[in-house]
Amino acid sequence: MKFSDKYKPLFNLLNQDYYPEVDTVIITGGRGSGKSFVVAIKSVIALVDYGWNILYTRFTNASIVDSVKPEVDDKIELLGYGEKCESQTNRIVSGSNRISFKGIKTGSKQQTANLKSLSGYNCFVIDEAEETPDYDTFKKVFYSIRSSDKRNLTILILNPTYKQHWIYREFFQNRDVEAGSNCIKDNVMYIHTSYLDVEKKFIAENIRKDYDRLKELNPDKYTNIVMGGWIDDPEGVLLPKSNLKFADLSFLDNLDPKHILLNFAFLDPADKGGDNFAVPFCKVCYIENQLQVYVYSAVYSKTGTESTCERITDRAIKYKIEQTHIEINGLGLAAYALLKKSLPEKIKLIAYNQRQNKEVRILGNYEFIQQYFTFSNDFLNIDDNELVRFINDLTAYTAEGDNKHIADAIDSLSAVANFVKLKYRKLL
């Protein structure tokens, strides 16, 4: 077997003396780049020849035994290790060592496996890592890989998606690593390949021709799907991040009060498990005959109603807001009761019932948000996970598709937009 030289550092990791600082490998690439094939080969060699214990995962549990495991099983025969391995239902065993196949997500909701019970693994492979929803979920498994006598290694295999994804932010943007790099930065090894790194005989001619057509007809899709490049915005989103306005809003602290029409917050309570309490803090200003809504902060939380309301109260006092508007449909009544007790009397608490369908409300207001809203640069600060999640969910909402648990940010701002259009319509 012959692989691209770009994968040589990956196999060198089998030797404890090579790159001792590396404990994480990020493998990116487009379709047909051989990512999963090479990692499966490396995993079987690591199991048989080096006595590694490997946890092979995908985020979803349903398909891992039917998709990922056969990919690895095939490499046993390819390497001639049939007598050295035994393939069982959800594992491959060689002597006292094993490759285990286990999904991270265990049910229809966002529950994750009981990873504290995992022991004895020194290598963790996530196939299709882009499916993993957040950094915290990844870290739960990462921290469970803690062998005392072998190299501890985590390998993420993925087709790059959009730049709001936590993998891009954490491993590329946050570490100042250019996408598509083949390098080592601190404790992370980066490997990027495309179909151009694979011998021609392994890529069907009709597939290569289709790639060429796509390159001509849709260069952006070619760059993302075929070459494995990251894209700025998800396809079909209503509010692409590139279309939003961001600015340093510190000038608001010294702005003449006559230009500030209202300093307030809008609270969209979580309806059910997995939803966020979404609370944008805004100042409506009228400067040089132009109305502008400045979103300077937000609470965006999945924690309980009581603790979230405490945080909202603290922010409301800190920012000296005048009003808090709260939707009292569903769970909003409980939040209203808590805020009624905790907010100072000078902060007016205004309850309202939302009668308009959520999707209709969002579709009716997203263009207004794009035109009249400006967001603080703090929403781009990767060290503030709450604000980053707010803006990432806001810029991931699509007109069609699965928007479950990401609609809260755009819905809360749509409520702000409705209010501003009604109250200040003469200034628009």
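Let's start with a crossing: the axes of α11 and helix α12 (residues 407-423) come within 7 Å of each other and cross at roughly 85 degrees. This is a predicted model, in which local features need pLDDT of at least 70 and side-chain atom pairs count only at pLDDT 80 or more, while totals for chains, interfaces and linings use all residues. Residues are numbered from 1 along each chain as its sequence is written, and side-chain values use heavy atoms, with hydrogens and water left out.

**The whole chain**

- The protein chain holds 12 helices and 16 strands; helices (H or I, at least four residues) and strands (E, at least two) are DSSP runs, numbered from the N terminus.
- The C-alpha trace spans about 80 × 50 × 40 Å along its principal axes.
- Of the 428 residues, 51% count as buried; buried means under 20% relative accessible area, exposed means over 50%, and partly exposed is in between (1.4 Å probe, protein chains only).
- Take the contacts between residues at least 6 apart in sequence: 71% of them join residues at least 24 apart. Contact here means heavy atoms within 4.5 Å.

**Two helix pairs**

- Two packed helices are described by the angle between their axes and the distance between the axes. The axes are lines fitted to C-alpha atoms, for helices over the stretch in contact, and angles run from 0 to 180 degrees between N-to-C directions.
- How do α11 and α12 lie relative to each other? They are roughly perpendicular, going by these cut-offs: under 35 degrees is roughly parallel, over 145 roughly antiparallel, 65 to 115 roughly perpendicular and the rest oblique.
- On the α11 side, the contact is made by Phe390, Asp393 and Leu394, and on the α12 side by Ala409, Ile410, Ser412 and Leu413. By class, this contact of α11 with α12 has five nonpolar, one polar and one charged residues.
- The classes work like this: Ala, Val, Leu, Ile, Met, Phe, Trp, Tyr, Cys and Pro count as nonpolar, Asp, Glu, Lys and Arg as charged, and the others, Gly among them, as polar.
- Helix α6 (residues 205-217) packs with helix α7 (residues 219-226) at an angle of about 135 degrees, their axes 5 Å apart. That makes α6 oblique to α7.
- In this second pair, Tyr211, Leu214, Lys215, Glu216 and Leu217 of α6 meet Pro219, Lys221, Tyr222 and Val226 of α7. The contact of α6 with α7 divides into six nonpolar, no polar and three charged residues.

**A covered helix**

- Is helix α5 (residues 166-173) mostly covered or mostly open? Mostly covered: seven of its eight residues are buried.
- The buried ones are Trp166, Ile167, Tyr168, Arg169, Glu170, Phe171 and Phe172.
- Their cover includes β1 (24-29), α4 (135-142), β7 (153-158), β9 (188-193) and α11 (385-394).

**Rings and charges**

- A search of the whole structure turns up 31 aromatic pairs. Rings of Phe, Tyr and Trp (its six-membered ring) pair if their centres lie within 6.5 Å.
- Which residues do ring pairs link into a cluster? Phe124, Tyr135, Phe138, Phe142, Tyr143, Trp166 and Phe171.
- Lysine 139 lies over the face of phenylalanine 142, at 4.2 Å from the ring centre. A charge sits over a ring if NZ of Lys or CZ of Arg is within 6 Å of the ring centre and within 35 degrees of the ring normal.
- Likewise, the charged end of lysine 283 sits over the ring of tyrosine 296, 5.6 Å from its centre.

**Positive phi values**

- Most residues other than glycine have a negative phi.
- Glutamate 128 has a positive phi of about 50 degrees although it is not a glycine. Its place is in the loop between β6 (123-126) and α4, and it is partly exposed, with a relative accessible area of 28%.
- Lysine 320 has a positive phi near 55 degrees. This lysine is in the loop between α8 and β14 (323-327) and is exposed at 68% relative accessible area.

**Spots to find in 3D**

- Glycine 304 is in the loop between β13 (290-301) and α8 (305-318), and counts as partly exposed at 42% relative accessibility. Its C-alpha atom is 9.4 Å from that of alanine 270, 34 residues apart along the chain.
- Lysine 318 is found in helix α8 and counts as exposed at 60% relative accessibility. The C-alpha atoms of lysine 318 and isoleucine 92 are separated by 57 Å.

Terms used:
Rings of Phe, Tyr and Trp (its six-membered ring) pair if their centres lie within 6.5 Å; planes under 30 degrees apart count as stacked, over 60 as edge-to-face and the rest as tilted.
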